Amino acid sequence: METTRLSTKGQVVLPKTVRTALKLTAGTEFNVEQSDGAVLLRPVRLLKSTRVSDVVAASGYRGRRKTLAEQNAAIKTRTRGRK
């Protein structure tokens, strides 16, 4: 276990081994939690951008591609009568 020190400005330096292991870089934002006398820092991880084609490909659908009109008609059919 490594130790670090709180500066007079309230800053904490994370040891290099921790930064390297977690791939933390300058500017990384953290969520800070206080629990039972402890402080927990969790890096805020943003989701990678995703293309629609990646999501559709992951759905497992293998039929012919539907036109926008066909998609809208299917949505209208499925939502008819819902409030």
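Modeller: First, a definition: helices (H or I, at least four residues) and strands (E, at least two) are DSSP runs, numbered from the N terminus. On that basis, the order along the sequence is α-β-β-α-α. That gives 3 helices and 2 strands. The model is predicted: local features need pLDDT of at least 70, side-chain atom pairs count only at pLDDT 80 or more, and totals for chains, interfaces and linings use all residues. Residues are numbered from 1 along each chain as its sequence is written, and side-chain values use heavy atoms, with hydrogens and water left out.

Now the strands. Strand S1 covers 30-35, and strand S2 covers 38-43. Two strands pair if DSSP finds at least two bridges between them. Here S1 and S2 run antiparallel and are joined by 6 bridges.

Next, the turn. S1 and S2 make a hairpin, with 2 residues between them. Asp36 sits in this loop. Its phi is positive, about 50°, although Asp36 is not a glycine. Asp36 is also exposed, with a relative accessible area of 82%. Exposed means over 50% relative accessible area, buried under 20%, and partly exposed in between (1.4 Å probe, protein chains only).

Step back along the chain. Helix H1 spans 16-21, and Lys23 lies in the loop between H1 and S1. Lys23 is not a glycine either, yet its phi is positive, near 55°. Lys23 is exposed too, at a relative accessible area of 70%.

Finally, the whole. Buried residues account for 2% of the 83 residues. The radius of gyration, taken over C-alpha atoms, is 24 Å. A compact globule of 83 residues would have one near 12 Å, by the rule of 2.2 Å times the number of residues to the power 0.38. The C-alpha atoms fill a box of roughly 65 × 30 × 20 Å along the principal axes. Take contacts next, meaning heavy atoms within 4.5 Å. Among contacts between residues at least 6 apart in sequence, 3% join residues at least 24 apart. The protein exposes about 8500 Å², and carbon and sulfur atoms supply 56% of that. This area comes from the Shrake-Rupley method with a 1.4 Å probe.
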